[in-house]
Amino acid sequence: MTRLGPLAALIEQLQRLPGIGAKSAQRLAFHLLRQPRDDAEALIEAIRDVKERITYCSVCHNITDVDPCYYCTHDGRDRGVVCVVEDAHNVAAIEKTNEFNGVYHVLMGALSPLSGVGPDDLRIRSLLERVGAGGVEEVILATNPNVEGEATAIYLARLLKPLGVRVTRIAMGLPVGSDLDYADDVTVHKAMEGRREI
């Protein structure tokens, strides 16, 4: 096995990032090479900090650098409404809208029997404990609109409804600015199903 030079090793490591192919990795490597040393050190330090300081919230399982996280401890959040998402990046997407003021619960994935992901592999038990402890009025199931996300939402709804909370599902359908001609059958079906009066 031959030892890679520093530039080749950097390109190889960059290619391991999602969505980065050989050409993109090469462009990024040469970009980093041209940057001042301070910029490279800042990037190294940011990566090191993320790996050393980021953990999971003991309440909602979101990523955080303090435990419990900001959403679980902020006085302005409505703890009576829990939004259930698959992954931490889903929290960021919902927060960008500035429309939700409740708290979150991150499942750390979705049910996928074909991939070997079952209920015990997700943070379902802690969700049921949170809801069972009282104070939660509504659980919003914001799992992804795919087969795994739908299966997870249906499974969770069956477990949550007997606990006496309102269980809702995020609306799905056609995105704003899209064209009906290009929508698939499932998307159109969900859009028709989720219609509302105006």
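**Ground rules**

I am working with a predicted model, where local features need pLDDT of at least 70, side-chain atom pairs count only at pLDDT 80 or more, and totals for chains, interfaces and linings use all residues. Residues are numbered from 1 along each chain as its sequence is written, and side-chain values use heavy atoms, with hydrogens and water left out.

**Entry 1: the largest pocket**

I began with empty space. Rolling a probe the size of a water molecule over the atoms shows where such space is left. On a 1 Å grid over the protein atoms alone, a pocket is an open set of points where a 1.4 Å probe fits, with protein on both sides within 12 Å along at least five of seven lines; a lining residue has an atom within 4 Å of a point. A volume is the space filled by probe spheres set on the points, which are joined across faces, edges and corners.

I looked up the largest pocket and found a volume of about 620 Å³. Its lining has 17 residues, and L10, L14, L32, L43 and I47 lie nearest the centre. The elements giving two or more residues to this lining are α1 (6-15), α2 (22-34) and α3 (37-53). Helices (H or I, at least four residues) and strands (E, at least two) are DSSP runs numbered from the N terminus.

Which helix gives the most to the lining of the largest pocket? I noted α3, with 7 residues. I then sorted the lining by type: 13 residues are nonpolar, 2 polar and 2 charged. Here Ala, Val, Leu, Ile, Met, Phe, Trp, Tyr, Cys and Pro count as nonpolar, Asp, Glu, Lys and Arg as charged, and the others, Gly among them, as polar.

**Entry 2: the second largest pocket**

The second largest pocket has a volume of about 200 Å³. Its lining residues include C83, F100, E138, R169 and A171. I saw that β5 (138-141) and β6 (166-169) each supply at least two residues of this lining. By type, the lining divides into 7 nonpolar, 2 polar and 3 charged residues.

**Entry 3: the cysteines**

How many disulfides does the structure hold? I found 0, taking a disulfide as a pair of cysteine sulfur atoms within 2.5 Å. C57 is in no disulfide, and the nearest cysteine sulfur, that of C72, is 3.8 Å away. For C72, the closest cysteine sulfur is in C60, at 3.7 Å, which is too far for a bond.

Are these cysteines buried or exposed? Buried means under 20% relative accessible area, exposed over 50%, and partly exposed in between (1.4 Å probe, protein chains only). C57 counts as buried because its relative accessibility is 1%. C72 is buried at 13%, and C60 is buried at 1%.

I placed C60 in the loop between β1 (55-56) and β2. C60 touches C69, C72, Y104, H105, V106 and R130, not counting residues up to four places away in sequence; contact means heavy atoms within 4.5 Å. C60 and R123 are 63 residues apart in sequence, yet 8.9 Å apart in space, C-alpha to C-alpha.

**Entry 4: H61 and T64**

H61 also sits in the loop between β1 and β2, and it is buried, with a relative accessible area of 11%. Its side chain makes a polar contact with the side chain of S126 (2.8 Å). A polar contact is a pair of N or O atoms within 3.5 Å; within protein, one must be able to donate a hydrogen and the other to accept it, and residues adjacent in sequence count only if both atoms are side-chain atoms.

T64 belongs to strand β2 (residues 63-64) and is buried at 7% relative accessibility. A polar atom of the T64 side chain lies 2.6 Å from the backbone oxygen of V66. Among the residues T64 touches are R53, C57 and C69.

**Entry 5: backbone details**

I found a cis peptide bond joining D67 and P68, with omega about 0°. P68 lies in the loop between β2 and α4 (70-73).

N98 is not a glycine but has a positive phi of about 55°. N98 lies in the loop between α5 (88-96) and β4 (102-106) and is exposed, with a relative accessible area of 69%.

M108 is not a glycine either, and its phi is positive at about 70°. M108 sits in the loop between β4 and α6 (124-132) and counts as partly exposed because its relative accessibility is 27%.
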